[in-house]
Amino acid sequence: MATSTPSLDEYKRALLDLLPAQGCWSDDEYLWLTDHTRLLVEFTDGAIEILSWPTDLHQSVAQFMFMAFHAFVSPRGGTVHFAALRLRIRPGKFREPDVLAVISAKDKRRRNRFWTGADMTLEVVSKDKPERDLVEKRHDYAEGKVPEYWIVNPQTETITVLRLDNDSYVEHGVFSRGQSATSVILPGFAVSVDEVFNVDSPPDDPADMD
């Protein structure tokens with residue numbers, strides 16, 4: 001029996017038929033998907049969301065923050081990781097923070113496939129959808145009982161450090177140029193806001209917008 005190679009559209013439709021409908025994904029199906037793709041994907045109650053690809057500036061700032069936390073936390077027995085590592089907020093909800101840490105490397109919430117909790121999460125605010133990191137993730141990480149959440153915003157050149165108070169976050173501080181951002185859960189840790197936003201990164205090229 002003769003067969004023909006399916007067209008690209010037919011191939012895409014076949015793939016969509018094999019995948020769960022939006023809103024019907026299970027935790028295991030989400031984990032399987034993220035095991036087999038390079039895309040950044042988050043998950044909430046049956047629905048997946050594919051995140052925008054990070055820019056050079058985003059990665060440069062996130063890398064700087066990771067290295068600063070790593071240099072402080074690791075010698076004190078903790079662990080810090082850089083995206084993408086899945087963090088389970090609760091069953092049915094997963095996020096992929098830019099940086100996350102636990103004070104003790106022996107913390108039982110550390111699992112090989114994903115973590116079930118963290119002592120600190122950090123997001124670098126994305127230019128295309130800032131409300132995600134400024135508002136939505138604030139609720140997400142509070143729901144996950146993460147004691148400290150850092151919001152690093154290249155657009156305003158500010159670092160907001162939030163600490164968990166009961167079930168919601170309150171501001172420990174909003175730090176701008178000329179100041180150093182500090183931590184509540186890591187006494188003695190401080191990072192210069194100037195150094196964070198002086199990272200080497202190329203400017204936007206208008207040609208890239210086409």
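Leaving aside its neighbours within four places in sequence, which residues is Met-65 in contact with? They are Leu-122, Trp-150, Val-152, Val-191 and Val-196, where contact means heavy atoms within 4.5 Å.

A word on the source. This is a predicted model, in which local features need pLDDT of at least 70 and side-chain atom pairs count only at pLDDT 80 or more, while totals for chains, interfaces and linings use all residues. Residues are numbered from 1 along each chain as its sequence is written, and side-chain values use heavy atoms, with hydrogens and water left out.

Back to Met-65. It is one of the residues with the most contacts inside the largest nonpolar core, which has 26 residues. Such a core is a set of buried Ala, Val, Leu, Ile, Met, Phe, Trp, Tyr and Cys residues joined through side-chain atoms within 4.5 Å. Buried means under 20% relative accessible area, exposed over 50%, and partly exposed in between, with a 1.4 Å probe and protein chains only. At least two residues of this core come from each of helix H3 (56–73), strand S6 (99–102), strand S7 (120–124), S8, S9 and helix H5 (193–197). Helices (H or I, at least four residues) and strands (E, at least two) are DSSP runs, numbered from the N terminus. H3 gives the most to this core, seven residues. Another core, of 15 residues, lies apart from it and includes Val-102 and Leu-162.

Next, helix H2, residues 27–35. Its buried residues are Tyr-30, Leu-31, Leu-33 and Thr-34. They sit on the same side of H2, because they cover an arc of only 160° around the axis, taken from the directions from the helix axis to the C-beta atoms. An α-helix has 3.6 residues a turn, so residues three or four places apart point the same way. The buried residues of H2 pack against strands S1 (41–44), S2 (47–50) and S5 (93–95).

Last, the backbone. Most residues other than glycine have a negative phi, and most peptide bonds are trans. Where are the exceptions here? Asp-45 has a positive phi, near 45°, and its place is in the loop between S1 and S2. Asp-45 is partly exposed, at 48% relative accessible area. Glu-157 has a phi near 50°, in the loop between strand S8 (148–153) and strand S9 (158–165). The peptide bond from Ala-83 to Ala-84 is cis, with omega near 10°.
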